[in-house]
Structure formats: C-alpha cells, structure tokens
Amino acid sequence: MQAVVLRGHGELSQVAIADVPAPVVRRPGDVRVRLRAAALNHLDLWTVRGLPGLELTFPHILGGDGAGVVDAVGEGVTRVRPGDAVLFNPGISCYRCEHCLAGQHSLCVEYKLLGEHLPGTLAEFIVVPEPNVYPVPTPPAPLPAITWPEAAAFSLVTITAWRMLVTRARLRPGETVLIWGVGGGVSSTALQIATLLGAHTIVTSSSDAKLAKARELGANVTLNHTQVDVAKEVRRLTDQRGVDVIVENVGAATWEQSLRMLGRGGRLVTCGATTGPKVTVDLRRLFWFQWDILGSTMGTADEYREIVHLLGQGHLRPVIDTVFPFARAPEAFRRMAEGDQLGKLVVEVPA
Ligand SMILES: [Zn+2]
C-alpha cells in the first residue's frame, strides 16, 4: 500500500511517499480501516525530529488522526462492521493495566499513539483496537454531514482540549479562560469547547488574521501577543483579578506571563512545551493563591465517547486549514513547520 513514511529522524526531507506492506487483522478485536483522510498534528513534527526514548523501525508511517471505512474485523468485534464509516481515538491503551481498569486510559503504562509509537494514519490501511473505533456520527438537519477531512481532523486535538478544560481544569460557566496561541489545533479546539461551556474567553496569537478567525469562533477578547504585554492587559481587563483557567502548550516562552495573570484559585493546565520544558514556580505564590498546576495528555474512552457525541449533536466541528492530495503530503508537513495554518492540515487518501 502507499504510505507517507519517515525514512529516518531528522529534517522534513526524510518524509516521503513509499510502498509498504499493508497491516492485517491478526488478533481478536482488531479493526482494519481503509483510510479516506488523515490529519497532521504538531506531534508529527516531533516524531520527524526524534524524541527521547522513541525508537522507531524505519520506514515509519506517520500521522495520528484519520477516518475511513471498516474493511475487515477480527474475532469478537461487534461495535462496527465492514462498510461502516468510522473515526478513531489515536491513543492506544492496553485495556488491562490498573489505570485502564480504572478508566484512566491516557495513564496506561503501555500507552502509545498512532504515528508516534505505532504505524500511523497517512496510509491506505490501518489496524486499530475495537474500543478505539466509533462510527462517524450524523449531525441533525439542517447541519451538513461530517466530511472525511473533518472526521479525520477531529480526534487528537479535541480529546486533548476536552480533557484539559473539562476534566482537569474543571472550567465552569461564567469563568474566564486564557488560551495561548489560538492558531494551534488544541488551542482553537479549546476555544470552541470553552465557548460551548459558557466561559468568557481571552485568546492570543501573533497573527491578526488568526485573531479575526478566533472572533468568528466565539472568542470574547483577542490579544496580539507580539503587540501587547498579555499578562498586564489581562490583569487590566479583569480588574487585577487575573483569569480562572489558562490553557498552555507553549512552555518556557509564556510561563512567566501565565503565572502573572493566573487568579486566586486559578488552574493552569498544560499539554505541551513547544518553546522549552524548563520553567520555575514561586512556591509562595503557588500556596498563597491556591493554584492548581495541571498536566494533561490525550484522554479516556469515556471522554472520547463524549466528544464524538458532541460532534454528532453539531456542537463541535473541526476547523480545516487545507486539504492536500495524497501525493502532496510532504507539503502539508512543511506548512505545519511554518506555522501559518489556522486549523487542521488534512491529507486525502485516494479511494
Ligand atoms: Zn493500560
């Protein structure tokens, strides 16, 4: 089958289209999907460059997100049948360890992500375990049906943003949330979720065009972080009180400012460290203001079921930047690296 593969860690020139063996259904509970679209995430760039402890066999198939049609199922599969249109949770758990049995699947001791530790979605076929697979829902009329690019773009950023805001930060209606870098996939999805929850939203970007798009998505306040001191402006806007929740995935470059505008009882939730992983915290401020500093990654089976339900209700809808034909998939990686996109970069897989 055709696949977008990484030939070895390094630069984007290592990303190529190649012919590789198609995966087969081997175990009970396996579901093989004929992909129709796959979506990129920032994580794919980290996989290209190489991550500590990540040992891959090359060529490695890239891509975490995807959607397609079930083509074969293993013994015992009942949730889906060949011919069903499906999307899937790209976080693969063992479903046996103490964390999985407690329903905390992204704490699984063997947790793996499609496209990072396992063969990815930028291919004609993929095999995933049945508990990860869900039928693509149909929103009520007059909302348009979910397209393949939308179905493919949905899962990773939505489950990540949902767990961050709902489960970890416990964002409540009427609270104020600050979201850094709203052009990013997790951040733009966090904006949609925070709006859905009835929170007051403040978002930042270096691009006025992205801020205009964020206002269309419901942002209450938009700040260009290259033009204003975000922490100072947020304190002014909140009568010096600061915000209740901060969504971080920038890391070292924004950390100090985040803590300058986190209010009493505030929650800072992070899922990334794009600009660097080392930061400092003044413990006196941490205990006096009773902050929660929260890590979050991916999500649980229950959280995934909830977001697919909201997709079906029409409450969540992925924002697509560009859809690339399969032959131009390496270009999608370059666009991701340049950071000009607002929304998801999707690659169509020929039928
Ligand atoms: Zn487990």
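Among contacts in the protein between residues at least 6 apart in sequence, 68% join residues at least 24 apart. Two residues are in contact if their C-beta atoms, placed from the backbone, lie within 7 Å. This is a predicted model: local features need pLDDT of at least 70, side-chain atom pairs count only at pLDDT 80 or more, and totals for chains, interfaces and linings use all residues. Residues are numbered from 1 along each chain as its sequence is written.

**Overall build**

The protein has ten helices and 18 strands. Both are DSSP runs numbered from the N terminus: helices are H or I with at least four residues, strands are E with at least two. The radius of gyration is 20 Å, close to the 20 Å that the globule rule gives for 351 residues, so the protein is as compact as a globular protein of that length. That radius is taken over C-alpha atoms, and the globule rule is 2.2 Å times the number of residues to the power 0.38. Along the principal axes, the C-alpha atoms fill a box of roughly 60 × 45 × 40 Å.

Of the 351 residues, 47% count as buried. A residue is buried if 20 or more other C-beta atoms lie within 10 Å of its own, exposed if 12 or fewer, and partly exposed in between; the C-beta atoms are placed from the backbone.

**Two domains**

The domain assignment gives domain 1 (2-136 + 319-348) and domain 2 (157-295). Such bounds come from an automatic or database domain assignment. The C-alpha centres of the two domains lie 28 Å apart. Eight residues of domain 1 are in contact with eight residues of domain 2. On the side of domain 1 that touches domain 2, the residues divide into two nonpolar, five polar and one charged. Here Ala, Val, Leu, Ile, Met, Phe, Trp, Tyr, Cys and Pro count as nonpolar, Asp, Glu, Lys and Arg as charged, and the others, Gly among them, as polar.

**The core**

In soluble globular proteins, nonpolar side chains tend to be buried together. A nonpolar core is a set of buried Ala, Val, Leu, Ile, Met, Phe, Trp, Tyr and Cys residues joined through C-beta atoms within 7 Å. The largest one here has 91 residues, of which A37, L165, A190 and V247 touch the most other members. Helix α3 (residues 148-168) gives the largest share, twelve residues.

Take L165 as an example. Not counting residues up to four places away in sequence, L165 touches L171, A190, I193, A194 and V247.

**Helix α1**

Which residues of helix α1 (residues 42-49) are buried? They are L43, D44, T47 and V48. These residues cover an arc of only 150° around the axis, which puts them on the same side of α1. The arc is that of the directions from the helix axis to the C-beta atoms. Their cover includes β1 (2-6), β2 (15-19) and α10 (329-338).

Next after α1 comes G50, with a positive phi near 100°. The C-alpha atoms of G50 and G10 are 40 residues apart along the chain and are separated by 7.1 Å. G10 sits in the loop between β1 and β2. G10 counts as exposed because it has 12 C-beta neighbours inside 10 Å.

**A residue in α4**

T195 belongs to helix α4 (residues 185-196). With 17 C-beta neighbours inside 10 Å, T195 counts as partly exposed. Leaving aside neighbours within four places in sequence, T195 is in contact with T201 and G218. T195 and G218 are 23 residues apart in sequence, yet 6.4 Å apart in space, C-alpha to C-alpha.

**Backbone details in loops**

| Cis bond | Omega |
|---|---|
| F58 to P59 | near 0° |
| A141 to P142 | about 5° |

P59 lies in the loop between α1 and β4 (60-61). P142 is in the loop between β10 (133-135) and α3.

Positive phi also occurs in residues other than glycine. Q290 has phi near 55°, and M298 has phi near 45°. Q290 lies in the loop between α8 (283-288) and β16 (292-295). M298 is in the loop between β16 and α9 (301-313). Are these residues buried or exposed? Q290 counts as exposed, with 9 C-beta neighbours inside 10 Å. M298 counts as buried, with 23.
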